[in-house]
Amino acid sequence: MKRQGSIFRSNRISVAFTSKLTSVIEKVEGRKPSASTPHLLATTSEPRPSKDSSRSGGVQDDFDSAIPAEAPTEQYLILENKYPAIRALRTDAEIGDGIWRCCHCRHENILTHYKGAFPFKYLRCNRCDRTMCSDCHSSEILSSLPYGMVQAPRPIGDVRYMHVCTTCGLSHRAEMEGTTLDFYGITCAGCGTTSYGDWPRYHIGNNEPYRRDPNASFAKLIDARADDAARVAFHWVITNDDTRPLSG
Ligand SMILES: [Zn+2]
Ligand SMILES: [Zn+2]
Ligand SMILES: [Zn+2]
C-alpha cells in the first residue's frame, strides 16, 4: 500500500482562498446569539451510548480519568489571531487541539489529545459515525504515517504516535521497542479486534497553529481536499487519455 507523503501540506495554502473563507466564517460566528458555550464539550465528549456493548470497563475507566495532554493556550497565541478578542471568547475545551474532516460526509470533528493509552478516545464521525481513516484530513495535531516499520527517537514523555482501530475507531497510543514503534498484534481495548499493522497510523503533532486560529486550520482542510480532488481528476484524464477521444 502506497500513500504519498503527508495528506496535509500546510506549505501549499492558497492565501487568497484561505483569507476569504476565514472572513466568511467569522461573519457567521458574529451572528450567533451566544459565542461562548463552555459546557458544550463537557457534555459531548463521551462516546455515543449506543456503542456501550463494545467497550470494556478498562476503556471507560481510562476515559473517566483522561486529562488533556496539551497545555492551555498561551496568551501570545491568542493575540496572534487576526481578531484576538473574538478568538478569546472560545475556550480550549471548545476548540480542542485540532480538527479532522470526515472524508465521507465532510463533517468537521474536534480532536482533543488526552494523556494515557487512548490519546483521542473514539475517532468516529459525529455525523455519519464512520471511523477516521487515512483519506480523512486533519490539522497539524495528526499527520499520517506510512505503513511498515517505523523508527523514532525515544520520547521524553508520552509516545507521540498512535493508531486507530478500523472497526470501532478507538485510538491507541503506540508502544515502543527500543526505537521501533510497535503497531503490530495489538488487541483493541474497545472491540477486541486485532491489529496486523493495518490500522491507520498518525504522528501526534503540534496544536499551536490551530489554537491560534482555528478558522484558518479549517480553511486549510478545505484547500487540502480540493487539492486531492484536483489530483484525482488529473489521474483520471491521464488514464483515460487514449481510450476517450476529446469531444469538441
Ligand atoms: Zn462523517
Ligand atoms: Zn476517511
Ligand atoms: Zn476497536
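Which residue in β12 is the bridge partner of S143? Keep that one in mind, everyone, and I'll come back to it when we reach the sheets.

First, the ground rules. This is a predicted model, where local features need pLDDT of at least 70, side-chain atom pairs count only at pLDDT 80 or more, and totals for chains, interfaces and linings use all residues. Residues are numbered from 1 along each chain as its sequence is written, while chains are lettered from A and ligands numbered from 1 in the order in which they are written.

Now the overview. The chain has 8 helices and 12 strands; these are DSSP runs numbered from the N terminus, with helices being H or I of at least four residues and strands being E of at least two. Of the 248 residues in the chain, 29% are buried. By buried I mean that 20 or more other C-beta atoms lie within 10 Å of the residue's own; exposed is 12 or fewer, partly exposed is in between, and the C-beta atoms are placed from the backbone. As for contacts, two residues make one if their C-beta atoms, placed from the backbone, lie within 7 Å. Among contacts in the chain with a separation of 6 or more, 71% join residues 24 or more positions apart.

Let's go inside. In soluble globular proteins, nonpolar side chains tend to be buried together. Here the largest nonpolar core has 31 residues, and those with the most contacts inside it are W100, L111, L142, Y161, C165, L170 and I204. Take I204 as an example: leaving out residues up to four places away in sequence, I204 touches H113, P119, I141, L142, R160, Y161 and M162.

On to the sheets, where two strands pair if DSSP finds at least two bridges between them. One open sheet has 4 strands in the order β4-β12-β6-β7, with antiparallel pairing. Its edge strands are β4 (142–144) and β7 (171–173), each pairing on one side only. And here is my opening question again: 3 bridges join the antiparallel strands β4 and β12, and the partner of S143 is H203.

The other open sheet I want to show has 3 strands in the order β2-β1-β3, again antiparallel. β2 and β3 are the edge strands, each with pairing on one side only. β1 and β2 pair over 4 bridges, and G98 has L111 of β2 as its bridge partner.

Last, some loop residues. Most residues other than glycine have a negative phi, and most peptide bonds are trans. R106, in the loop between β1 and β2 (108–111), has a positive phi of about 70 degrees without being a glycine. D129 is another non-glycine residue with a positive phi, near 70 degrees, and lies in the loop between β2 and β3 (137–138). Are these residues buried or partly exposed? R106 counts as partly exposed because it has 15 C-beta neighbours inside 10 Å, and D129 is partly exposed because it has 15 as well.

D135 is also found in the loop between β2 and β3. Thanks, and over to you!

Conventions:
Core = buried A, V, L, I, M, F, W, Y, C linked by C-beta atoms within 7 Å.
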